[in-house]
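I opened the notebook to work through this structure region by region. These are my entries, in the order I looked things up.

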Amino acid sequence: MKALILAGGFGTRLRPLTNTRPKHLLPIANRPHIEHVFDLLQRYGVDEIVLLTSYLAEAFDTTVERAKDRGLIVHVTHEEEPLGTAGAIKNAEAFASGGTFFVFNGDVLMDVDLDAVLAFHRARDAEATIVLTPVEDPSIYGVVPTDDTGRVLGFIEKPPREEAPTNLINAGIYILEPSILARIPAGEVWSAEHQLFPGLVQEGASLFALATGGYWMDIGTPEKYVQANLDALSGKYPDEGRAELVDGSLIGAGVGIGDGARLKSVCVGAGVTIAAGAVVEESVLLPGAIVEADAVIRRCVLGEASTVGNGATLTGVALEDKTKADET
Ligand code: GDD
Ligand code: MG
């Protein structure tokens, strides 16, 4: 089976980190997020992927080569202007029309039993199946009520909290039959969440959903992106490709750590420098970042080759690549 991976969004909520890269390439435990999606796919024998790109598409070139090196067949589609989540799928019709296929939101870190979802889809002879996951606050996701058999009764994208009928939300993983493609207009901006799925519900189409209990995290905000990294460090997210930890942190190649610097649960990218006396906790340091002496950093993401100045204290900050944060 093939998997289409939606990777063309602007990553607005992750600015300024996404000024220079798509969010899908931000590292989780020192490897680009999207490679974790590849891990999952390959674990279930999905070996052909279609990357649906738009914003900063050329940034995926290295990843595509690495995906091929690990045995994946890779196709890339490009939208000059983003066509929306359903429009992007339609744009990949040439690769998707051959049989049942998966679609993934490319910004979700997850551990889902794809075999179980596929068995569910086939058992119900569904035209489309949506994977669901329970969350505390459904109002920031697509909320999907179902009946006892799993038939979808509604698809409500980001409702006010008090109006969400369930805490089961769209996990951003779908199994679709090729007949779905005919339901999406060509060359138009079209949303899976606002148009395609609500339309299927209204028509009484064979649309089902299945809740799963594995690890799940949308990395689309700085807080959740940091949390996903912490979960990879703690093992809550089972990262099969993770390198050995050093005192609970991940230390990339060529990292320099000064005397008396203290680290707690940090993903330290290659070539990072942490000077003497600095304290870095629960943070992600992209390659080449510099933490100067006595700086204190908590729950931050430091962009590539960014600098935190002498003695500065930063909490919950996402620092742009190549910029400097001075004493605060
Ligand atoms: N190719 C392409 N073109 N990709 C797109 C486009 C587009 O026009 N728009 C968004 N994407 C990609 C994003 O890059 C991301 O990987 C994925 O589609 C989902 O878009 P987000 O912008 O991250 O959506 P969201 O997080 O607000 O909500 C979606 O995900 C939730 C689960 O994480 C919805 O699908 C919700 O219903 C869902 O609960
Ligand atoms: Mg998202």
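Which residues do ring pairs link into a cluster? I found F155, Y174 and F197. I am working on a predicted model, and I keep that in mind for every entry.

**Entry 1: aromatic pairs.** I searched the whole structure and got 7 aromatic pairs. I looked at F120 and F208 to begin with. Their ring centres are 6.4 Å apart and their planes stand at 75 degrees, so I logged the pair as edge-to-face. F120 sits in helix α5 (residues 114–123) and F208 in strand β12 (residues 207–211), so this pair ties together parts 88 residues apart in sequence. I checked burial for both: F120 is buried, and F208 is buried too.

Next I took F155 and F197. This aromatic pair is stacked, with 5.3 Å from centre to centre and 25 degrees between the planes. F155 belongs to the loop between β9 (142–143) and β10 (156–157), while F197 belongs to helix α6 (residues 192–203), so the pair ties together parts 42 residues apart in sequence. I noted F155 and F197 as buried, both of them.

**Entry 2: F208 again.** I went back to F208 in strand β12. Its relative accessible area is 6%; buried means under 20%, so F208 counts as buried. What is F208 in contact with, leaving aside its neighbours within four places in sequence? I listed F120, R124, A126, A128, T129, I130, T149, G150, R151 and V152. I also checked one C-alpha separation: F208 and A126 are 82 residues apart along the chain, and their C-alpha atoms are separated by 6.4 Å.

Entry 3: D218 is buried at 13%.

**Entry 4: T53.** I located T53 in strand β4 (residues 48–53). Is T53 buried or exposed? Its relative accessibility is 0%, so I put T53 down as buried. The side chains of T53 and H78 are joined by a polar contact of 3.5 Å. Apart from neighbours within four places in sequence, T53 is in contact with A7, G8, F60, V76, T77, H78 and E79.

**Entry 5: helix α1.** I counted burial along α1 (residues 33–43) and found 9 of its 11 residues buried, so I call the helix mostly covered. Among the buried ones are H33, I34, V37, F38, L40 and L41. E35, H36 and D39 are buried as well. After α1 comes G45, with a positive phi near 75 degrees.

**Entry 6: domains.** I noted the division of the protein into domain 1 (2–218) and domain 2 (246–325). Their centres, taken over C-alpha atoms, are separated by 33 Å. Domain 1 puts 9 residues into the contact and domain 2 puts in 14 residues. How much area is buried between domain 1 and domain 2? I recorded about 830 Å², with 61% of that from carbon and sulfur atoms.

Note on methods
Residues are numbered from 1 along each chain as its sequence is written. Chains are lettered from A and ligands numbered from 1 in the order in which they are written. This is a predicted model: local features need pLDDT of at least 70, side-chain atom pairs count only at pLDDT 80 or more; totals for chains, interfaces and linings use all residues. Side-chain values use heavy atoms; hydrogens and water are left out. Helices (H or I, at least four residues) and strands (E, at least two) are DSSP runs, numbered from the N terminus. Buried means under 20% relative accessible area, exposed over 50%, partly exposed in between (1.4 Å probe, protein chains only). A polar contact is a pair of N or O atoms within 3.5 Å; within protein, one must be able to donate a hydrogen and the other to accept it, and residues adjacent in sequence count only if both atoms are side-chain atoms. Contact means heavy atoms within 4.5 Å. Rings of Phe, Tyr and Trp (its six-membered ring) pair if their centres lie within 6.5 Å; planes under 30 degrees apart count as stacked, over 60 as edge-to-face and the rest as tilted. Domain bounds come from an automatic or database domain assignment. Buried area is the accessible area (1.4 Å probe) that two parts lose on being put together, summed over both.
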